[in-house]
Amino acid sequence: MTDPQATPTPDQAPESGAADPLTQVQAELAELKAKSTELADQFLRAKAEAENARRRAEEEITKARKFAVESFAESLLPVTDSLEAGLTIKDATPEQIREGAQATLRQLTAALERNKVIAINPAAGTKFDPHQHQAISVVPADQEANTVVSVLQKGYTIAERVLRPALVTVAAPK
């Protein structure tokens with residue numbers, strides 16, 4: 001027969017060395033709570049880091065907008081200096097004034113080009129481009145239809161974006 005003491009009672013731990021199921025579950029729960037706390041902490045740190053990065057990026061954008069015109073203004077200062085110097089000459093001849101104006105225009109053109117402001121000045125016979133040209137009138141001409149006849153006012157692009165279209169007259173269809 002079997003020994004009645006060989007069977008463990010419910011309030012005794014089994015002799016096989018296996019832990020009580022309740023203790024096992026409690027240990028698992030504690031481990032999962034620790035893992036959950038660790039993940040929550042990692043999440044909050046990552047969220048804070050993302051927020052900091054976003055805020056730094058916004059500050060950089062704000063600074064870039066605020067000071068973007070700085071280099072452009074800096075490149076125009078010599079042009080201002082030249083104009084002021086030209087105005088101080090009291091008895092300038094028309095030839096001197098013209099030379100000074102041409103030199104100042106060269107300075108201004110160079111400053112604009114350094115800042116990626118490029119003139120749109122299509123040659124006669126260039127195909128009309130509505131993205132870069134604005135037709136003021138259509139005139140009869142001895143050239144292909146829808147081509148530029150003359151430029152009334154130059155246009156300008158800035159970093160390949162049209163700042164102002166060139167005002168042109170266009171050849172009428174025959």
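**Figure 1. Helix 1 and helix 2 run roughly antiparallel to each other in this predicted model.** Helix 1 covers residues 21-88 and helix 2 covers residues 94-114. Their axes come within 9 Å and cross at roughly 180°. An angle over 145 degrees counts as roughly antiparallel, and the pair is therefore described in that way.

**Figure 2. Residues at the contact between helix 1 and helix 2.** Helix 1 contributes Phe 72, Ser 75, Leu 76, Pro 78, Val 79, Ser 82 and Leu 83. From helix 2 come Thr 104, Gln 107, Leu 108, Ala 111, Leu 112 and Arg 114. Sorted by class, this contact holds eight nonpolar, four polar and one charged residues.

Figure 3. Thr 104 has a relative accessible area of 10%. Buried means under 20%, so Thr 104 is buried. Apart from its neighbours within four places in sequence, Thr 104 is in contact with Val 79, Ser 82 and Leu 83.

Figure 4. Along the sequence, the elements follow the pattern α-α-β-β-β-β-β-β. Of the 174 residues in the protein chain, 13% are buried. The accessible surface comes to about 14100 Å², and carbon and sulfur atoms account for 58% of that area. Among contacts with a separation of 6 or more, 62% join residues 24 or more positions apart.

Technical notes:
Residues numbered from 1 in each chain as written. Predicted model: local features only at pLDDT ≥ 70, side-chain atom pairs only at ≥ 80, totals over all residues. Heavy atoms only, no water. Helix = DSSP H or I, 4+ residues; strand = E, 2+ residues; numbered from the N terminus. Buried < 20%, exposed > 50% of the residue type's maximum accessible area, 1.4 Å probe, protein only. Contact = heavy atoms within 4.5 Å. Areas by Shrake-Rupley, 256 points an atom, 1.4 Å probe, with all protein chains shown as cover. Axes fitted to C-alpha atoms, helices over the stretch in contact; angles between N-to-C directions. Parallel < 35°, antiparallel > 145°, perpendicular 65-115°, else oblique. Nonpolar A, V, L, I, M, F, W, Y, C, P; charged D, E, K, R; others polar.
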